[in-house]
Amino acid sequence: MLPPLENVLSPATRLPDDPEAGERDSRLNIAVIFTSIEPTLLALRTAGALANRLHAHLTLMVPQVVPCPGPLNSPPVPPDFGATRFRVMGDASPVATTVRIYPCRDRVETLKAVLKPHSLLVIGGRRTWWPTWEKRLARQLCRSGHEVVFAET
């Protein structure tokens with residue numbers, strides 16, 4: 001498997017006293033996994049409330065699946081098109097949020113490769129009695145050793 005490409009957007013600054021780069025790395029990081037727009041906005045609100053209480057930093061992680069015939073470095077949707085939408089979503093968060101876009105073939109394998117061990121994740125999804133793909137994603141990441149908070153719409 002090729003290492004995933006990473007497109008990091010500049011963080012949205014919502015805190016008045018934004019720490020230096022060295023201090024930001026020492027703070028707790030809460031990763032919000034993009035699923036779809038409405039559940040991810042709910043997940044960002046949930047993670048923002050957690051981050052305020054824990055003095056943590058948020059990272060919006062967007063695994064962008066690229067179909068197999070095309071190369072990973074040129075996805076069918078230009079990265080700048082999605083970057084604007086994700087930057088607006090990050091700005092809606094009450095704390096500083098970094099947006100990371102990962103062009104990939106497999107969403108789960110990419111997330112397993114880029115997440116630090118025992119990461120705190122927030123995933124948004126629909127409330128249903130049957131397992132949705134968001135709940136399966138949360139279960140797979142939980143089995144990989146991560147702590148997952150599932151925010152239901």
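Contact, in what follows, means heavy atoms within 4.5 Å. By that criterion, residues 24 or more positions apart account for 80% of the contacts in the protein with a separation of 6 or more. The structure is a predicted model, in which local features need pLDDT of at least 70 and side-chain atom pairs count only at pLDDT 80 or more, whereas totals for chains, interfaces and linings use all residues. Residues are numbered from 1 along each chain as its sequence is written, and side-chain values use heavy atoms, with hydrogens and water left out.

The secondary structure comprises five helices and six strands, where helices (H or I, at least four residues) and strands (E, at least two) are DSSP runs numbered from the N terminus. Read from the N terminus on, the elements follow the order β-α-β-α-β-α-β-α-β-α-β. Of the 153 residues, 42% count as buried; buried means under 20% relative accessible area, exposed over 50%, and partly exposed in between, with a 1.4 Å probe and protein chains only.

The interior may be considered next. In soluble globular proteins, nonpolar side chains tend to be buried together. A nonpolar core is here a set of buried Ala, Val, Leu, Ile, Met, Phe, Trp, Tyr and Cys residues joined through side-chain atoms within 4.5 Å. The largest such core has 19 residues, and those with the most contacts inside it are Ile-30, Val-32, Leu-58, Leu-60, Val-62, Phe-86 and Val-122. Two or more residues are given to this core by each of E2, H2, strand E3 (57-65), H3 and strand E4 (97-104). H2 provides the largest share, five residues. For Leu-58, when residues up to four places away in sequence are not counted, the residues touched include Ile-30, Val-32, Leu-44, Ala-47, Ala-51, Val-95 and Thr-98.

Apart from this core lies another, of twelve residues, among them Ala-31, Ile-33, Leu-137 and Ala-138. Ile-33 belongs to strand E2 and is buried, with a relative accessible area of 0%. Leaving aside neighbours within four places in sequence, Ile-33 is in contact with Thr-40, Met-61, Leu-111, Leu-121, Val-122, Ile-123 and Leu-137. The C-alpha atoms of Ile-33 and Ala-43, ten residues apart along the chain, are separated by 8.2 Å.

Aromatic pairs give a further view of the packing. Rings of Phe, Tyr and Trp (its six-membered ring) pair if their centres lie within 6.5 Å; planes under 30 degrees apart count as stacked, over 60 as edge-to-face and the rest as tilted. By this rule there are two aromatic pairs. The rings of Phe-34 and Phe-86 have centres 5.0 Å apart and planes at 75°, so this pair is edge-to-face. The two residues are 52 residues apart and link distant parts of the chain: Phe-34 is in the loop between strand E2 (29-33) and helix H2 (37-54), and Phe-86 is in helix H3 (residues 79-91). Phe-34 is buried at 13% relative accessible area, and Phe-86 is buried at 6%. The rings of Trp-129 and Trp-130 have centres 5.5 Å apart and planes at 90°, so this pair is also edge-to-face. Trp-129 counts as exposed, at 79% relative accessibility, while Trp-130 counts as partly exposed, at 44%.

Two packed helices are described by the angle between their axes and the distance between the axes. Axes are lines fitted to C-alpha atoms, for helices over the stretch in contact, and angles run from 0 to 180 degrees between N-to-C directions. Helix H4 (residues 107-114) and helix H5 (residues 133-143) pack at an angle of about 35°, with their axes 11 Å apart. Arg-107, Val-108, Leu-111 and Lys-112 of H4 make the contact with Trp-133, Leu-137, Gln-140 and Leu-141 of H5.

Most residues other than glycine have a negative phi, and most peptide bonds are trans. His-55, in the loop between H2 and E3, has a positive phi near 55° and is exposed, with a relative accessible area of 62%. His-118, in the loop between H4 and strand E5 (120-125), has a positive phi near 60° and is exposed at 64%.
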